[in-house]
Amino acid sequence: IEHFFEGPAALLTRFAQYEDLLNGDAEEAAQKEINAREGGAETAATLASLAESSQALRERIEGIKEVIPDMVYFPMFAVRAVEIKQMLVRKAEDIHSMYVNAIAEDNREHMQAM
């Protein structure tokens, strides 16, 4: 049986690149980046940085969806990856929303100042 478990177990390594989403490091880094923007003041540099981070998360979301098929069949085992992929996507989308909200807040403040 151990021999048949090697294939399914190897699939876990494909998700290692998303560990920061699971352990909270990605959310913490996003929160630090959002909080570090010059006291909430909009600048071209901070908006560009937030937009870049936001886009990088969108790309990660697409990568999560394609990392492995939803169902992978092996002799004696079938691996259903739908739930873990959905959970990772939800986490990444939550962080993406943090960026979008920060950008929207900065834009709102800028418009009110005009």
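Predicted model: local features only at pLDDT ≥ 70, side-chain atom pairs only at ≥ 80, totals over all residues.
Student: Which residues touch the most other members of the largest nonpolar core?
Tutor: That core has 25 residues, and the ones touching the most other members are Phe 15, Tyr 18, Leu 21, Ile 64, Ile 68, Ile 95 and Tyr 99.

Student: Which helices each supply at least two residues of this core?
Tutor: Helix 3 (25–36), helix 4 (44–66) and helix 5 (82–113) each do. The most comes from helix 5, which gives 8 residues.

Student: Back to Tyr 18. What is Tyr 18 in contact with, leaving aside neighbours within four places in sequence?
Tutor: Arg 60, Gly 63, Ile 64, Val 67 and Leu 88. Of these, Ile 64 is also on the list of core residues that touch the most other members.

Student: Switching to the strands. In what sense do strand 1 and strand 2 pair?
Tutor: Antiparallel, over 4 bridges. Strand 1 covers 71–74 and strand 2 covers 77–80. Met 71 stands opposite Arg 80 in strand 2.

Student: How many residues lie between the strands of that hairpin?
Tutor: There are 2 residues between them. Met 76 is found in that loop.

Student: What is the phi of Met 76?
Tutor: Positive, about 75 degrees, although Met 76 is not a glycine. Most residues other than glycine have a negative phi.

Student: And is Met 76 buried or exposed?
Tutor: Met 76 counts as exposed because its relative accessibility is 54%, and the cut-off for exposed is over 50%.

How values were computed. Residues numbered from 1 in each chain as written. Heavy atoms only, no water. Core = buried A, V, L, I, M, F, W, Y, C linked by side-chain atoms within 4.5 Å. Buried < 20%, exposed > 50% of the residue type's maximum accessible area, 1.4 Å probe, protein only. Contact = heavy atoms within 4.5 Å. Pairing = 2+ DSSP bridges.
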